[in-house]
Amino acid sequence: MVLDVKNDQTDKPALDRALTVEITKAGYRVHPVEQEQPSENAEQQEKAALKASWRQFGLSAAFTLLLMVFSMGPMMGLTLIEHPLTAALIQLVLTTPVLLLNRRYFIGGFRALWHRAPNMDSLVALGSCASLGYSLVMTVLIALGNGERIHDLYFESAAMILALVSLGKFLEGRAKKKAGDAVMSLSASVPTVASVVRDGREVSIAMEEVAVGDIVLVRAGEGIPVDGLVIEGVGA
């Protein structure tokens, strides 16, 4: 197979500036990529982030399960705290660590809302805040003497939303890592040397030295080193 390397007329600096502006408007930050291939340190950071995500879910789930015991226990005949205000405050105390562990959903979600580009974090933040805000109002009413409002608390809903979403984020991160590892193993198979025809002769050069207009030879079984247009031969 013979390839004619395509002439890419893209103005990359202008494209980078335009993308940076739009990404910033959407509420995100842009960091320059220092190297194309991820270093060993980057891989370690990715593994550490995945472990942190799992730890975040584990702690969130633990507090949420304990919260469920206090909030849903009376429905199963298990009343640990008789005093309504004390029970409400205990639920609030158990909910607080879950809120703190998952604060990034509130930060990112409300930031996206501020930039008028709501995302899934915005939905999570609104849902959790709605349950939390309503429960706080009911707690105030309980403190004012309306003990029946103990049945109107939804602290466990606010915590459950965050715990389940954190589990989803962990599973998503693990899936991304597996996909990234597969892509890296695939990119590692890309040849580093290309056979090109120059001045009527076939020469082997580094892939980075292939220039626009070069004629690249790709033999049977070889990997294709660069993008191009097939001008002779076939492949499968």
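Predicted model: local features only at pLDDT ≥ 70, side-chain atom pairs only at ≥ 80, totals over all residues.

Q: Start with α4 and α5. At what angle do they pack?
A: The angle is about 110°, and the axes are 7 Å apart. Axes here are lines fitted to C-alpha atoms, for helices over the stretch in contact, and angles run from 0 to 180 degrees between N-to-C directions. That makes α4 roughly perpendicular to α5 (under 35 degrees is roughly parallel, over 145 roughly antiparallel, 65 to 115 roughly perpendicular, the rest oblique).

Q: And what counts as a helix?
A: Helices (H or I, at least four residues) and strands (E, at least two) are DSSP runs, numbered from the N terminus.

Q: Which residues of α4 and α5 meet?
A: On the α4 side they are Y105, F106, G108, G109, F110, A112 and L113; on the α5 side, D121, S122, V124, A125, L126, S128 and C129. Contact means heavy atoms within 4.5 Å. The residues of this contact divide into nine nonpolar, four polar and one charged. Nonpolar covers Ala, Val, Leu, Ile, Met, Phe, Trp, Tyr, Cys and Pro; charged covers Asp, Glu, Lys and Arg; the others, Gly among them, are polar.

Q: How do α4 and α6 pack?
A: Their axes are 10 Å apart and the angle is about 85°, so α4 and α6 are roughly perpendicular to each other. R104, Y105 and F106 in α4 meet L162, V165, S166 and K169 in α6. This contact has four nonpolar residues, one polar and two charged.

Q: What span should α6 have?
A: Helix α6 runs over residues 155-187, and its 33 residues should span 48 Å at 1.5 Å a residue; the end C-alpha atoms are 48 Å apart, which agrees. The expected span is 1.5 Å times one less than the number of residues.

Q: Which residues of α6 are buried?
A: They are F155, E156, A158, A159, L162, A163, S166, F170 and K177. Buried means under 20% relative accessible area, exposed over 50%, and partly exposed in between (1.4 Å probe, protein chains only).

Q: Back to α5. Is T139 buried or exposed?
A: T139, found in helix α5, counts as buried because its relative accessibility is 8%. Leaving aside neighbours within four places in sequence, T139 is in contact with L85, A88, L89, L153 and F155.

Q: What about L132?
A: L132 also lies in helix α5 and counts as buried, at 16% relative accessibility. With neighbours within four places in sequence left aside, L132 is in contact with L99, F155 and A158.

Q: Now the loops. Where does R116 lie?
A: R116 is in the loop between α4 (103-114) and α5 (120-143). Its phi is near 55°, a positive value in a residue other than glycine. Most residues other than glycine have a negative phi. At 78% relative accessibility, R116 counts as exposed.

Q: And D199?
A: D199 lies in the loop between β2 (193-198) and β3 (201-206). D199 has a positive phi of about 55° although it is not a glycine, and D199 is exposed because its relative accessible area is 79%.

Terms used. Residues numbered from 1 in each chain as written. Heavy atoms only, no water.
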